[in-house]
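Here are a few notes to read alongside the model.

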Amino acid sequence: MRIATWNVNSARTRVDRMADFLSRHEVDVLAVQETKCTDKNFPADRFTDLGYEVAHVGYSQWNGVAILSRVGLVDVTDHFDGQPGFAKSNDPADEKVEARAVAATCGGVRVVSLYVPNGRGLTDPHYQYKVRWLWRLRDVVADKLAERPDALMALMGDFNIAPRDQDVWDRAFFEGKTHVTEPERAAFQGLEEAGLTEVTRQFTEEPRYTYWDYTAMRFQRNQGMRIDFQLASSQLARRARRGFIDVAERDGKGASDHAPVVVDYELGDFDAVR
């Protein structure tokens, strides 16, 4: 089963590129982030015409996540248990859960598409929200894997964290900025300690980045970050066989600032009939 994750930075803007990507790489499941539209405005018809079922969560022109699957799409959930909301004020009553998580079972695999909060700045309320959001996600994962250690599950998407110094083009440039701080990295490590394995790095040491800012010719200079991942349960991680970052999708007119990250999993009977 070929599973990909991609922050498309506007599904309506990138719909043609998304459709071409699905066909060109024969993707079975695509986890999408930052669709930037409501459910009503998501271009679902374009993908159903290609044979994909669609689950989308979008409440406004911000955030938004989706799963596109041609191998089944059941038990869809539009958030994780206890998912924190965000409020600029200190009043918990003002918190609103954002469109940042959607999960579905696709061909026997529980796929979770995640758009982790950015954090914005170290003194911004969004930063504490980000860390709190991640630790709650960690607790949910730990509980689910304790209940079902044999689960085939993958959390994937834009984590907005560079777990290692080599995951950014210049560590000094990020001093005092988000994405590389100890609390963020500790939260990412917490997901791994809960029973998940990051499976993409083993296949993609070069090219290593998944995101390049639009400004300052970052892509042309290869000044990027590795912040898009697939984290798999132990039973799924051992089935990962191949993977790649489709850097070509970051190039050219109308590209997202992220590249898709693709992993092939060997799932026995599914692959025999694919």
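**Notes on rings and charges**

1. F173 is a handy place to start. Keep in mind that this is a predicted model.

2. Take the ring partner of F173. The structure holds 10 aromatic pairs. In one of them, W169 and F173 have ring centres 4.9 Å apart and planes at 40°, so the pair counts as tilted.

3. The charged end of K177 sits over the ring of F173, 4.6 Å from the ring centre. R218 also lies over the face of F173, with 5.1 Å to the ring centre.

4. Elsewhere, have a look at F159, F188 and F229. Ring pairs link these residues into a cluster.

5. On to opposite charges. Side chains of opposite charge can pair when their charged atoms come close. A search of the whole structure turns up 21 salt bridges, and the next points pick out a few.

6. R201 lies in the loop between β9 (196-198) and β10 (228-233), while D167 is in the loop between β8 (153-158) and α4 (182-193), so the bridge ties together parts that are 34 residues apart in sequence. Are the two partners buried or exposed? R201 is buried, with a relative accessible area of 10%, and D167 is buried as well, at 1%.

7. E34 and K36 form another salt bridge, and the closest N and O atoms there are 3.8 Å apart. That qualifies because the cut-off is within 4 Å. E34 is buried, at 14% relative accessible area, whereas K36 is partly exposed, at 24%.

8. Then there is R138 with D139, whose side chains meet in a salt bridge at 3.3 Å, N to O. R138 counts as partly exposed at 23% relative accessibility, and D139 counts as partly exposed at 32%.

9. Which residues are linked in a network of salt bridges? The network joins R17, D20, R24, D246 and E249.

Key: Residues numbered from 1 in each chain as written. Predicted model: local features only at pLDDT ≥ 70, side-chain atom pairs only at ≥ 80, totals over all residues. Heavy atoms only, no water. Phe/Tyr/Trp six-rings, centres within 6.5 Å; stacked < 30°, edge-to-face > 60°. Lys NZ or Arg CZ within 6 Å of the ring centre and 35° of its normal. Buried < 20%, exposed > 50% of the residue type's maximum accessible area, 1.4 Å probe, protein only. Helix = DSSP H or I, 4+ residues; strand = E, 2+ residues; numbered from the N terminus.
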